[in-house]
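User: Could you help me learn to read charged pairs and strand pairing in a model like this one?
Analyst: Gladly; let's take a look together.

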Amino acid sequence: MMLDSIELDDQFEWADEFEWDPVAQEQERSLTGALLVQEGVKLHGRPITLKANGGVWTSLSVVRQLEALRDQRLNVMNLVLPDGREFPVIFNRSNGAPLKASQVFREVNPSPDAIYDVEISLITVAPVAAP
């Protein structure tokens with residue numbers, strides 16, 4: 001699995017993969033009491049939350065690379081999943097921290113090889129056109 005130029009473990013779980021509905025719907029009542037329904041296809045905005053869930057450990061050196069990506073504003077990155085699917089994404093900051101990392105084994109001064117449990121919140125966006 002790749003996020004931009006960072007290689008991630010293929011065992012990350014896409015935790016909200018099946019919670020997406022590609023159809024947006026609005027309902028309202030007319031003055032006559034009839035139900036008015038409008039539907040349209042969502043073009044982008046699909047959340048992609050990658051969770052370790054105890055099955056993947058990520059080194060501090062990779063966490064630092066992810067941290068540097070996270071700190072870039074409006075950086076459209078390419079996410080390549082192990083099955084070959086690709087998505088243009090940005091960090092999803094709408095629900096709090098888009099990158100969460102906690103030590104698996106507590107160390108006061110962790111080395112670059114120290115292992116972390118990581119969660120990455122992304123959201124799909126329109127692909128960036130080549131110049």
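**Charged pairs and paired strands**

Analyst: D71 is exposed, with a relative accessible area of 54%; exposed means over 50%, buried under 20%, and partly exposed in between, using a 1.4 Å probe and protein chains only. Salt bridges that share partners link D71 with R64, E67 and R70 in one network.

User: What should I know about the model before going on?

Analyst: This is a predicted model, where local features need pLDDT of at least 70, side-chain atom pairs count only at pLDDT 80 or more, and totals for chains, interfaces and linings use all residues. Residues are numbered from 1 along each chain as its sequence is written, and side-chain values use heavy atoms, leaving out hydrogens and water.

User: What counts as a salt bridge, and how many salt bridges are there by this rule?

Analyst: Side chains of opposite charge can pair when their charged atoms come close. The rule asks for a side-chain nitrogen of Lys or Arg within 4 Å of a carboxyl oxygen of Asp or Glu. The count here comes to 5 salt bridges.

User: Which residue forms a salt bridge with D71?

Analyst: That partner is R70, with the closest N and O atoms 2.8 Å apart. R70 also forms a salt bridge with E67, at 3.8 Å between the closest N and O atoms. E67 in turn bridges to R64, where the closest N and O atoms are 3.1 Å apart.

User: Where do R64 and E67 lie?

Analyst: Both belong to helix α1 (residues 60-70), 3 residues apart, or about one turn of the helix. Helices (H or I, at least four residues) and strands (E, at least two) are DSSP runs, numbered from the N terminus. E67 and R70 are likewise both in helix α1, 3 residues apart.

User: How do I read strand pairing, and which strands pair with β11?

Analyst: Two strands pair if DSSP finds at least two bridges between them. Strand β11 (residues 115-124) pairs with strand β6 (residues 47-51) in the antiparallel sense over 5 bridges, and P47 stands opposite I123 in β11. Strand β9 (residues 86-91) is also antiparallel to β11, over 3 bridges, and I90 stands opposite I123. Other partners include strand β10 (residues 99-103), antiparallel over 5 bridges, and strand β7 (residues 58-59), antiparallel over 2 bridges.
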